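This report goes through a structure part by part. Look at the sequence and the model first, then read on.

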Amino acid sequence: MNYPNELLYSKTHEWVKEEDGVVVIGISDYAQDALGDLVFINLPEVGDEVVAGEAFGDVESVKAVSDLVCPVSGTVCAINEELLDSPEMLNEEPYDAWIIKVENETDREELLSAADYEAFCAEEG
Amino acid sequence: MKLIFEKSAAGHRCAILPPCDVEEVALPAELTREAAPKLPELNETEISRHYTELNKRVHGVNCGFYPLGSCTMKYNPRIDEETAALPGFTAVHPLAPAHTVEGCKEALDTAKAYLCEITGMDDMTFQPAAGAHGEFTGVMLIKQYHDARGDSKRRKIIVPDSAHGTNPATAAMCGYDVVNIPSAPNGCVDLEALKAVLGEDTAGLMLTNPNTVGIFDENILEITRLVHEAGGLCYYDGANLNAVMGVVRPGDMGFDCIHLNLHKTFATPHGGGGPGSGAVGCKAALAPYLPNKDGIRVRSFHGNFLVVIKALTYLLTLGKEGVPEAAKNAVLNANYLQSKIKGTFTPAFDRLCMHEFVLDLSGFKKETGVSALDVAKSLIDYGMHPPTMYFPLIVHEALMLEPTETESRDTLDEAAEIFRKLFELAKTDPDYMHAAPHNAQIGRPDEVRAARNPILRYSFE
Amino acid sequence: MGSYVPSTPEQQQEMLQALGLNSFRELFSVVPEEMYLEDGALNIPGGMSELEVIRKVSEMAGKNRVFSTVLRGAGAYDHYIPSIVKYIPAKEEFLTAYTPYQAEMSQGILQSIFEYQTMICELTGMDVSNASVYDGATAAAEAAAMCRDRKRRVTLISAAAHPDTIQTVKTYCYGTGDELRIVPAKDGKTDLQALKEMLTPEVASFYVQQPNFYGMIEDAQAIGELVHEAGAMYVMGCNPISLGLLKSPRECGADVAVGEGQPLGMPLSYGGPYLGFMCTTQKHMRKLPGRIVGETVDSKGERAYVLSLQAREQHIRREKASSNICSNQALCALTAGVYMATMGAEGIAQAAKQSMSKAHYLAKELCSIPGVSLKHEGEFFHEFLTLLPKAEEVLKALEQADILGGLPVDDGILWCATEKVSKAQLDKAVAIVKEVLA
């Protein structure tokens, strides 16, 4: 399992990265492995307000659906539309397959470092 | 096998209609379609062969054991088909004048009288077309009841975590917030958890009894009393009525309304996924809110009328003695099969069950690597329809078996023997089971591919 | 009494004993005493033999009037049903199977649904179809639900739609707490000016029935343009036989096409079982409720069919699902598939053309009687509304001649003709009306 050092992680298994004041969000390698083959993603729209700790979309496998929980509060400024046609990218390259970008961050969940997150996953698993 | 479109040959046709015997009128060009639909061109022989070939690739209740939990796959009597095909029913227009449809009215009234007595309800509608549709109708009764009293703070419907997915989905369709409550370790309602969520905002409780793990909740009177005390109403999901019909009545358990699955409990065929009939019964206090001319309507006309005729035929056949006899034997068969399987696979709850029981294969999977899915698929090689898989959600690696009353002891013995063989096989050749089925119409389908790249129609290219 | 329990009383006793029990009461020991029904306590009549049952139910059926000529439609249409269309869905396996959860032993049902989906897509011109819903009215209600999003919550429906459809959509909207607004009709058709004004930014969708309840052909394409200009979704409820001739919903710009599938081979049956068909464009595919069959390959690489896109559904999404539907009308969808295969595109076009021609002949003949006139001007398909004096007497006289006349609607009579009625039957009906009004 891969836990890149330059990212922060939520306890609901999203990863977070900051780029020029914009928060980029995806799901971790651990999450994609646990969810299995993903077949579809429901995304918010650009301009939607998201709230830390609340769902901003969901991912579907064949027999399950899981909420995507937003680690930060703010405004969605970009969505990765490529995932709509190629949800397998979430399985294949979870750290390249960003899901949304959020600007005007007002709040965030407690986030873990790569090492702490790895320990957290080991406990869960 | 080939699709019907791949068998199509230009010019093949059936001669159905005579030439038009009045002057033909034509529509202005701006109203007519540009291209004809690409429907297949076949002769009647070809159509008959095609569908006969398809029909050979279907497993019906008439083919063999079908212990699909929660679905009550009992034998569908042929007499029920014959009565429902009487021209006196099939040729009747739904908006024909009342004095010309007295037979339809008598049939519906008779079915209503039987079913109200069996459920302990005062009134009933046959408008809903299926179980989930009945749930929607039933919860709408609850909604109208509270609304009519101006009791607008009741925003929540309580649903146990063992419930069918339709229960929470229904509550949401009726605008309610869903409160899921955990089950007690014995699979029944956790009274403390229930008390903790009951209050002024409780609109009602949706419950299946016996529940989805096949256990009759001994606290049922206490449960319905608590809900009523909080000002809520109790909804009975009739999916499992086959266990108790003629033995105990939901109305006597304290329920205010109920839906029935006539296509489960009352032996009407499932038709590969419908049509069903989701008759909804209620106590007198809710009767004014049943579908009526000025109130709610959940579909056109009078519901799936012919399905009601089939259920009525079944009820007339069984009658006073046969109805409880069916329930008692459904429960007997389930317990007999459970006891026979118990030496191998592990029941999730080791006790007497009602009409169905759940196996918990989580330990077995840990030990052998063989999952509930592998076992289910292996059963197909023996010509048995697999049980319901991975439901209810509160049991991991669940297989849920409902044999019904129309199976003989020999069939149950044979089924138990097949389970025993698979239990042994898992230890010696798990890979064979991972790859099952081996002798079916197809191997395991790639469902991920189907969902990622949906092909939902033939493309003609 | 009748019974379908194979075990003899002796076998039942042995099975009880194998469980360490002596009686059925012990098997039900969890049921509290105060609610347990002792033998004979259930207050319904005793059971009957098959011969007695068939006598009793046939007697009930015999109390209904079966008319040799049906000139009434209003949502249920008396088309001719080819013989083979009755036989195929009666095959025991098709009849008695459950929903095809286990693809490995259900390819026949899955393929028949896939073929049905394709045929309905062809008829409507849409991209994807589900495996069916309960009927035309619930299809309209489900369509309204699938068009709503967080921002657009209001549903519009034409007053010229079937009253049962309007009432059903209203009930579903009451359920979710969403608003339904009814767009008035003018001269028997949707009032386009009123529609334009009512298409406000909170409107999610508009539903029009084609042909409408009065039989009139709506300006469906113009309506579609108005609806799309306002950013709303366009839902068309179509008579499937009329689609043999009329512009398809796709050609009219519909986002969702639904309808009552009963005319595709299902008998009148006092209202059911019928068939709700429902289809949409590629773009809205994942919002479609209900079962959908998809093509894939099996472990050997062979073509196979499965229930697909299941993560939309209630058994996975639970309270977040947009619909609770599971059972649909699969056997009716099979019936419709066989009907469409038997009739073919040419046969359906013929049925449509003849129904329309006969309705126009009937209208012309009726209107040649002094005092009888068409209520609305404009193009109609196979139904039309007449104004005529002594409506009650007219219908009674027809009934005595074994003819089910049109339906009293508002201040007129709504007539319908299909390909099934001959010119002679129509002439007889007209002669009776003439006599009553003479």
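This is a predicted model: local features need pLDDT of at least 70, side-chain atom pairs count only at pLDDT 80 or more; totals for chains, interfaces and linings use all residues.

How many of the eight residues of helix 7 of chain B are buried? Eight of the eight are, in a helix that covers residues 166-173, so the rest of the structure largely encloses this helix. A residue counts as buried when 20 or more other C-beta atoms lie within 10 Å of its own. The buried residues of the helix are Thr166(B), Asn167(B), Pro168(B), Ala169(B), Thr170(B), Ala171(B), Ala172(B) and Met173(B).

## Domains of chain B

The domain assignment divides chain B into domain 1 (4-56), domain 2 (78-317) and domain 3 (321-447). Taken over C-alpha atoms, the centres of domain 1 of chain B and domain 2 of chain B are 42 Å apart.

## Contact between chains A and B

Chain A gives six residues to its contact with chain B, and chain B gives four residues. On the side of chain A that touches chain B, four residues are nonpolar, two are charged and no residue is polar.

## Chain C

Chain C contains 14 helices and 17 strands. Its C-alpha trace spans about 85 × 55 × 50 Å along the principal axes.

Of the 438 residues in chain C, 61% count as buried. For contacts in chain C between residues at least 6 apart in sequence, 74% join residues at least 24 apart.

Definitions and conventions
Residues are numbered from 1 along each chain as its sequence is written. Chains are lettered from A and ligands numbered from 1 in the order in which they are written. Helices (H or I, at least four residues) and strands (E, at least two) are DSSP runs, numbered from the N terminus. A residue is buried if 20 or more other C-beta atoms lie within 10 Å of its own, exposed if 12 or fewer, and partly exposed in between; C-beta atoms are placed from the backbone. Two residues are in contact if their C-beta atoms, placed from the backbone, lie within 7 Å. Domain bounds come from an automatic or database domain assignment. Ala, Val, Leu, Ile, Met, Phe, Trp, Tyr, Cys and Pro count as nonpolar, Asp, Glu, Lys and Arg as charged, and the others, Gly among them, as polar.
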